[in-house]
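These are my notebook entries on a single structure. I record what I looked up, in the order in which I looked.

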Amino acid sequence: MLKPSDNLVDAIYADLRLKLQRSAVSPTDRLVDTEIANAHGISRMPAREALLRLVSEGYLVGTTRGFAVRELSLDDISGLFEVRRQLEPRAAACAARDMTPEIEAEITAAMNRVELSLSQSDIPALLAANVDFRNAWLKAVNNPHMAATISRFIDYFQSVRLGTFADPATAGLYIDGLSRIHAAFLAHDPLMVQDRMTLFMFAAEEAYLSVRRRQLQEAETARPARRRIQKRGTA
């Protein structure tokens with residue numbers, strides 16, 4: 001339940017945004033304003049305004065019943081990664097230069113949780129720790145507009161991210177790259193961080209494209225089966 005002092009739209013938006021970051025909303029889920037309002041004990045309009053804000057920012061799309069996670073095409077993924085490669089390596093290099101002991105402690109704690117959750121095959125915890133790692137190093141980026149833009153572009157991948165982490169081999173390679181970036185942050189080496197983040201971006205793009213290709217293939221394979229079921233139902 002929300003507190004009476006909360007700005008209701010901002011509070012609902014923040015709650016939904018966190019769930020999207022952690023891939024707690026699957027592509028098959030539907031977010032309905034009345035259901036969200038009932039769950040929080042509020043009126044429908046603040047919930048709807050929060051959902052519409054997420055639509056305007058590109059995270060959700062409208063459907064015939066509520067709102068759904070925006071699904072990405074292969075071209076979307078490549079285009080978004082092209083933008084990320086222009087921003088994240090440079091931003092990470094600046095973060096390495098300006099990182100404080102407090103932020104170092106945060107990214108180290110997040111990295112420890114990443115490794116622990118991977119060893120325990122705890123996907124929700126892994127997703128949460130991954131978000132915490134990213135949010136921690138972004139605190140060291142002194143340009144708030146760049147930090148916010150990077151965060152937004154990363155969050156567009158929530159419909160694919162779960163499939164990436166669900167594959168043990170892919171998750172292992174992903175976390176290995178993250179660990180190398182973590183070590184470069186602790187060394188306060190901007191050039192090393194920039195190089196490792198760039199390599200990480202290329203590896204992540206290939207992993208996301210692979211997952212999305214598989215998702216599209218599975219959807220195409222399932223389509224004839226659904227048609228057969230529908231025909232039997234109307235026969």
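Predicted model: local features only at pLDDT ≥ 70, side-chain atom pairs only at ≥ 80, totals over all residues.

**Entry 1. α5 against α9.** I looked up how helix α5 (residues 101-119) lies on helix α9 (residues 168-186), and found an angle of about 160° with the axes 11 Å apart. Since angles over 145 degrees count as roughly antiparallel, I recorded α5 as roughly antiparallel to α9. The crossing of these two helices is left-handed. On the α5 side I listed Glu104, Ile107, Thr108, Met111, Val114, Glu115 and Leu118 as making the contact. From α9 the contact is made by Ala171, Gly172, Ile175, Leu178, Ser179, His182, Phe185 and Leu186.

**Entry 2. α6 against α9.** I then asked at what angle α6 and α9 pack. The angle is about 30°, and the axes are 13 Å apart.

**Entry 3. α6 itself.** I checked the length of helix α6 (residues 123-138): at 1.5 Å a residue, its 16 residues should span 22 Å, and the end C-alpha atoms are 23 Å apart, which agrees. At the start of α6, I found a side-chain oxygen of aspartate 122 within 3.2 Å of the backbone nitrogen of alanine 125. I also listed the buried residues of α6: Leu126, Leu127, Ala128, Ala129, Asn130, Val131, Phe133, Arg134, Ala136, Trp137 and Leu138.

**Entry 4. Serine 151.** Is serine 151 buried or exposed? Serine 151 has a relative accessible area of 10% and is therefore buried. Its place is in helix α7 (residues 144-155). Leaving aside residues up to four places away in sequence, I found that serine 151 touches Arg17, Gln21, Arg134 and Leu138. Arg134 and Leu138 are among the buried residues of α6.

**Entry 5. Alanine 37.** I located alanine 37 in helix α2 (residues 33-40). Its relative accessibility is 3%, so I counted alanine 37 as buried. With residues up to four places away in sequence not counted, alanine 37 touches Ile42, Ser43, Arg44 and Ala47. From alanine 37 to alanine 125 I noted 27 Å, C-alpha to C-alpha, at 88 residues apart in sequence.

**Entry 6. Glutamate 102.** I found glutamate 102 in helix α5, and it is exposed because its relative accessible area is 56%. Glutamate 102 and valine 32 are 39 Å apart in space, C-alpha to C-alpha, and 70 residues apart in sequence.

Entry 7. Most residues other than glycine have a negative phi.

- Serine 121 lies in the loop between α5 and α6 and is exposed, with a relative accessible area of 60%.
- Histidine 188 lies in the loop between α9 and α10 (190-234) and counts as partly exposed at 34% relative accessibility.

Methods. Residues numbered from 1 in each chain as written. Heavy atoms only, no water. Helix = DSSP H or I, 4+ residues; strand = E, 2+ residues; numbered from the N terminus. Expected span 1.5 Å × (residues − 1). Buried < 20%, exposed > 50% of the residue type's maximum accessible area, 1.4 Å probe, protein only. Polar contact = N/O pair within 3.5 Å; in protein donor to acceptor, adjacent residues only side chain to side chain. Axes fitted to C-alpha atoms, helices over the stretch in contact; angles between N-to-C directions. Parallel < 35°, antiparallel > 145°, perpendicular 65-115°, else oblique. Left-handed = near helix turned anticlockwise from the far one by under 90°. Contact = heavy atoms within 4.5 Å.
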